[in-house]
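I opened the model with the coordinates loaded and kept notes as I went.

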Amino acid sequence: MFASLHGNGPLTALAFEFSPIVEQTAPGTVTFDASGLDRLFGVPQDVAAAIARRAAELQLQVRIAIAANPDAAICAARGFSGASIIPYGDEAKFLAALPVSLLAPTPALLETLERWGIRRFQDLAALPPLGIAERLGPEGLRLRSLARGEVERKLLALEDPLRFDEEIELDYPVELLEPLAFVLARLINSLATRLATRALATTELRLRLTLENRATHERTLRLPVPTLDTKAFLKLLQLDLSQHPPAAAVLKVRMEMIPAKPQSTQSGIFIPATPEPVKLELTIARLQSLVGAGRVGSPTLLNTHRPGAFRMAHALTPSTAPVIPTPGTPRLTLRLFRPPRAAQVAIASGHPTFVTAGPIRGKIHDLAGPWRTSGDWWTADPWQRDEWDIALTGGALYRLCCDPRGWFLDGSYD
Amino acid sequence: MGTGGALKKQFESLLGGHLDWQSRPAPECVPSGVAALDTSTGGLPRGCLTEIYGPASSGRTSLLFSILAQATAREEACALIDAEDAFDPTSATAAGVRLDRLLWVRSNNNAEHALKAADLLIQGGGFGLVILDLGDLSPAIARRISLTSWFRLRRAVENTPTVLISLARQSNAKTCASLQLECVRERTAWSGALHSSRLLRAITARATSTQRSKICSPVFTATAL
């Protein structure tokens, strides 16, 4: 059983939703192997109804024909509107009324047939094969077989490109993000449905906006786990575009989703609850829009002794770093001043005795140091400093440091 | 006695005993990593706001990192909202905190953003521990945070498995906090002779719980590396 679709729009994608063997017969005509669909949907009428329903969801205007051989289905799809079901063995009868021009003969052949008064399939089908072979050659015989719905052939199957991208050209430029969200939602829903029909999800969403000033604005969203949460995608895109708005009004929107296998995990009773990955991504995007990009994440220490060297990694990613055992007693920790507070220090006998750094001011009651450290002297950005642990008269403990730029209060021990 | 009371009596007589209808079950508590504190307070309650406050160098951050280390060791997802950008990843690692289980939000010296971030994280769900660090925020600014905001946070964290901790110089959440711990430095331990081999060894602090049901003042020591 073969089905043929005739119309406009992404017919190939629609066909791939129903069958892996799809032929792009001609521009606007797609044929696919529909055998086995009856076990899913029922009789051929139900198969045609399912295809029509899906086409309506994708807002495609298509003619559908189902027949025992591909060419009969193609002729019916091109010749009849709506859905046509051709019973096996009745192909010639069903196609009888169609015009011969539908078979796309060469202009010379069409002129000959018209001269003979052959205008419909039934006229051509009634001609004797020997006479046609003598007068019109093999092409004439092929057309006769097509008119009788007798041609048996294999489909020239398309390679499934597995590209999930769509674009919408807007009638007028859109300046605000709110109306743009409706366009984005439509694209996201369409792509997510296409992915879902293939049991796929996505880890990356690429958005390309063509602007009124002929520039393009590209954004890429990466997700820690494959998902198909359309609401989350839309919210993430909205948050991202509000942080990085396009420079001009939008004329065209193109969206692509990179397919990935959906994540399958099994949670356990004794496994501690962790934030749902997509929800966490959404929360992080919201936090970033609140406090600024690059200010939310998991800190990772760098392999250096340079004070305050760390980078922000993606949040809560499982690491392979060895687990450090928790010490039995609390450790004395440092609260950093970012940036370090410039200090004025009085020195006696080579040791700091009094410090003033903004609101922090006092006589140094006790101190330990200096601890001299340096590093990266082999690079263009070397560092060196002397550090003291100081206790002011009130009892507060600070880390005082001196580097080539001057004196600073680095933080407080707390 | 109203209809409700009569029904209650009838129901109790059917079940054969007095039923406590009013009180809620005690929240599950998690250890803080300080044995003395866990023994006296029972630990930190989940689904509640715990307030740790005290002046600079009173051991409150050491206590906080101990709690954080315990939570990350339990593989729980933790979040730290750092109002004054004071978090030191090196100190945290030395205290046993697993940084890959920690979400650090640097709210750029903005208390309002810090409160909003805490609300977002609690609403997002899935975190075992959320810390709102207002430790270096000036008391004048911290006092401007309305009690309504604290009440909203308390309501948000209720019925969740999250431990919400606020760290500040003075008590801000007042009655919204289920557990209040006031840290006071008692002693600073130094070793060695001054100007030669002097070393800062430890601070000893007292964490006092002033709430009626949990009056205690355990002492803990935060040791330097």
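I looked up the pairing of E10(A) with E5(B): the two strands run antiparallel and share 2 bridges. I count strands as paired when DSSP finds at least two bridges between them. A:Val296 has B:Val105 as its bridge partner in E5(B). Helices (H or I, at least four residues) and strands (E, at least two) are DSSP runs, numbered from the N terminus.

The model is predicted: local features need pLDDT of at least 70, side-chain atom pairs count only at pLDDT 80 or more, and totals for chains, interfaces and linings use all residues. Residues are numbered from 1 along each chain as its sequence is written, while chains are lettered from A and ligands numbered from 1 in the order in which they are written.

**Sheet.** I traced the sheet next. It is open, has 10 strands and mixed pairing, and its order is E11(A)-E10(A)-E5(B)-E4(B)-E6(B)-E7(B)-E3(B)-E8(B)-E9(B)-E10(B). From one strand to the next the twist averages 30°. Angles run from 0 to 180 degrees between N-to-C directions, and axes are lines fitted to C-alpha atoms, for helices over the stretch in contact.

Within chain B, E8 (residues 179-191) and E9 (residues 199-209) run antiparallel and are joined by 10 bridges. I noted one partner: B:Val184 bridges to B:Arg206 in E9(B). H5 of chain B (residues 111-124) packs on the sheet and touches E4, E5, E6 and E7 of chain B; its direction makes about 175° with that of E6(B).

**Interface.** I then checked the contact between chains. 54 residues of chain A are in contact with 68 residues of chain B. Contact here means C-beta atoms, placed from the backbone, within 7 Å. On the chain A side, H11(A) supplies the largest share, 7 residues. By class, that side has 29 nonpolar, 15 polar and 10 charged residues. Ala, Val, Leu, Ile, Met, Phe, Trp, Tyr, Cys and Pro count as nonpolar, Asp, Glu, Lys and Arg as charged, and the others, Gly among them, as polar.

**Helix pairs.** How do H11(A) and H5(B) cross? Their axes come within 10 Å and cross at roughly 170°. H11(A) and H5(B) are therefore roughly antiparallel to each other. The cut-offs: under 35 degrees is roughly parallel, over 145 roughly antiparallel, 65 to 115 roughly perpendicular, the rest oblique. The contact includes A:Leu280, A:Leu287 and A:Leu290 of H11(A), with B:Leu120 and B:Leu121 among those of H5(B). Its residues divide into 7 nonpolar, 3 polar and 3 charged.

H11(A) also has a partner in chain A. The axes of H10(A) (residues 230-243) and H11(A) (residues 277-291) come within 10 Å and cross at roughly 20°. These two helices are therefore roughly parallel to each other. Among the residues that meet are A:Leu236 and A:Leu239 of H10(A), and A:Leu282 and A:Ala285 of H11(A). This contact has 6 nonpolar, 3 polar and 4 charged residues.

**Burial.** Last, I looked at cover. In H4 of chain A (residues 70-79), 8 of 10 residues are buried, including A:Ile74 and A:Cys75. Buried means 20 or more other C-beta atoms within 10 Å of a residue's own, exposed 12 or fewer, partly exposed in between, with C-beta atoms placed from the backbone. A:Phe270 sits in the loop between E9 (250-260) and H11 of chain A. A:Phe270 is exposed because 5 other C-beta atoms lie within 10 Å.

Terms used:
Two residues are in contact if their C-beta atoms, placed from the backbone, lie within 7 Å.
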